[in-house]
Amino acid sequence: MVGEALRPLALLLSTTCIPMTSALANSSADTDTASISGVTQGPTPFIAFVQAKETGVLASLSFTVQPISGSYTRPVSARYSVGYLRQRGYVSGGNYVVPVFGLYAGFANTVALTFNFTDGTQVSGTVSVTTPTYSDPCGILGQAKFTQYRTSTADLRFDYFLLKNYCSPDTPVVVDTDGNVRWSSTANAATQASTFYKGVVYQSDNITGLDRVDLDGTVTKIGDYATSWNVTGFHHNIDKGRDGLIVDVNTSTETESVNLEVNPSTGAVLTEFDLGRIISAAMVAGGDNPSQFVEPVGTDWFHNNSVAYNPADNTLIVSSRENFVIAVDYDVPASGVRAIHWILGDRTKHWAQFPSLRAYALTLVGATQPPIGQHALTVLPSGDLLLFDDGYGSIYQQPPGMTRTYSAGRRYKINTAARTATEDYTYIGAQRQYSYVCGSFYQGPGDMLIDYASEGMGSTLELQGIGPGHSVIFDVKYPETNVCGAGWNALPIHLEDLSY
C-alpha cells in the first residue's frame, strides 16, 4: 500500500553523518562545469547542505527530492537564484552551499541537482543523501493508521500540509499525504500559532515575539510586541491579511480578542483590531450595556481563533468560538472606531439577547445551519466563506446555545445587500466525525483537507484529503494524548516548484 514502504524506515539508520554519492553531467560541450564536494547534515533529519563547485557564471540552481517508490506525492523542489544564496551567505567565489529540505528521515534520498548558467547551459545530476531517523517529541506521528491510502497523483492538488501542534517544540511539522514527516521547525517553541507564507514558516516564539523560520532551518526574530503593543502572549492562528500577516494575541487589557497585522519582512505592526472596543461601541450605539457581554482581561468571553480578509468589501471576518463569526471594517474610519458589517451565528447563544448585536445578524436561507464553535476561516476566490464547524456550544458564555453530535465543513454565500447567508456546500464525514474543539477545513482548487483534531473527546486526531464529489482520497488517524495538542490545525501547502 502507498506510504507503507517508508514507514518502517523510522527504525533504521541512526547515523549523524551523511553518506553521499553523486553524478553530474553537462548538457552540452560548454566549458561551464559543476561538481559536488560533500554533503553535511542540517539541523534536522529533513535538511542537508550540499557543497558544490562550479566554473562559469551561474544564474541559479535547483534541487528535487524524489518521492519514495509507490508514492503519489509530487517531489519537493526549489530553485535558488544566485542573489538569494549570496545574500544568505551560501556563496564564496565558485563554491556554493545548496540547502536541501523535504528529505525523508532515516532514508537514502535521491536528490536531483541542476546548475543553470547565464549562457543558457545546464549541468545536472543526482546525489544520494542518507539521513538519520526522526523522533517525534509528541510520540504520535510514527503511529499513523491509514484507513484509506492515496491512489493517484491526480486525485489531489496538494501533497503536503503544515501540521500545527503544541505538544512539541518541533512545531509546526510538514507531513506528506503518505503520512511521512518531511520537515520540522527549529525554533524550539511549543506554540499553537504558525503559518506557511511565501515559502517560509512564521510562528510565535511562545512568548511575545514572532519568528521567521526558513526551510533551511534558519530562525530570525522579526518582532517582539510586549512593550510596543502590550502583548502578553500569542494564541491560536496566524492568517494572511490584506497587507501582511494577522496574529492573534493576548494583551494586558484583552484576552483572545485582539489581532495585529504585521509586516512579514520587518515585523512592524500595520494595524490593530480590538474586537472588545469594536463590539462595545456598537452595543452602546444600539442602547445596550457592553459590560454585560464584553468582559475584562482574564475572562474568555470572545475566544478568537482565526480571521480572514474579504477583498470584496474590504472587511476582516473574525471567528469568535464563544459567540459568532463577525465582519468588521478593515480600515479605521474617520470616527476612529471600526463598524460591524454583519454577524453569522447561533441566535440561541448569549450574544443574541442584545438587540444591538442581533441587529447585525444575517438571516439564514433555507436549510442553512449556523456555525457553532467554528475554526479556520477562509474566504475563497469565489467570495464564499469556508470554515470548520465544530458543533460544540459555548463554554464560557451562557446560555451556551446549541450543541450538535457531529462536526462539518461548511461553505457560506454571504449576501451583504440582502443580509442573508446561504449554505451552498457541506462536508459531513460518513461516520459523522465529531471534533468538539480545534480542527480545520481548508479548500484548494477542487480538493480539501479536513482536520478532526479532537475526535473521541480528545483521544484521536483524524485527517482526511477530500476530492470532488466528497470522495475520501486519504484518511489517517493518530492517537491523541493532549486533546488536540498533536494537530490542532492542518494547512495544505505546496513544497513543489518553490522559488527563492
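Helix 2 (residues 275-285) has buried residues that are covered by, among others, strand 20 (258-262), strand 21 (269-274), strand 23 (315-320), strand 24 (324-329), strand 25 (340-344) and helix 3 (355-358). Helices (H or I, at least four residues) and strands (E, at least two) are DSSP runs, numbered from the N terminus. This is a predicted model, where local features need pLDDT of at least 70 and side-chain atom pairs count only at pLDDT 80 or more, while totals for chains, interfaces and linings use all residues. Residues are numbered from 1 along each chain as its sequence is written, and side-chain values use heavy atoms, with hydrogens and water left out.

The residues of helix 2 that are tucked away are Leu275, Gly276, Ile278, Ile279, Ser280, Ala282 and Met283; buried means under 20% relative accessible area, exposed over 50%, and partly exposed in between (1.4 Å probe, protein chains only). An α-helix has 3.6 residues a turn, so residues three or four places apart point the same way. At the start of helix 2, Asp274 has a side-chain oxygen within 3.1 Å of the backbone nitrogen of Gly276. Just past the other end of the helix, Gly287 has a positive phi of about 90°.

As for confidence, the mean pLDDT (the predictor's confidence in each residue, from 0 to 100) is 93 for the protein, and 94% of its residues reach 70 or more. Residues 1-21 have a pLDDT below 50, yet this stretch has 54 contacts in the model beyond near neighbours in sequence, a contact being heavy atoms within 4.5 Å.

Turning to the strands, an open sheet of five is laid out in the order 10-34-33-32-31 with antiparallel pairing; two strands pair if DSSP finds at least two bridges between them. Strand 10 (145-148) and strand 31 (440-444) are at the edges with a single partner strand each, so one side of each has no neighbour in the sheet. From one strand to the next, the twist averages 15°. Within this sheet, seven bridges hold the antiparallel pair of strand 33 (residues 460-466) and strand 34 (residues 472-479), and Leu461 has Tyr478 of strand 34 as its bridge partner.

Strand 7 (residues 95-101) is mostly covered, with five of its seven residues buried. Strand 7 pairs with strand 3 (residues 47-55) over seven antiparallel bridges, with Val97 of strand 7 as the bridge partner of Gln51. Strand 6 (residues 91-92) also runs antiparallel to strand 7, joined by two bridges, and here Val91 is partnered with Tyr96. The hairpin of strand 6 and strand 7 has two residues between the strands, and Gly93 has a positive phi near 65°.

Strand 14 (residues 194-197) is covered on both faces: Ser194 and Phe196 are buried on one side, Thr195 and Tyr197 on the other. Strand 14 and strand 15 (residues 200-204) form an antiparallel pair with four bridges, in which Ser194 sits opposite Gln203. Their hairpin has two residues between the strands, with Lys198 at a positive phi near 55°.

Finally, Asn304 belongs to strand 22 (residues 304-310) and is buried, at a relative accessible area of 0%. Leaving out residues up to four places away in sequence, Asn304 touches His235, His236, Asp248, Glu256, Val258, Asn259, Val318 and Ser319. The side chains of Asn304 and Asn259 are joined by a polar contact of 2.8 Å. A polar contact is a pair of N or O atoms within 3.5 Å; within protein, one must be able to donate a hydrogen and the other to accept it, and residues adjacent in sequence count only if both atoms are side-chain atoms.

Definitions and conventions:
Axes fitted to C-alpha atoms, helices over the stretch in contact; angles between N-to-C directions.
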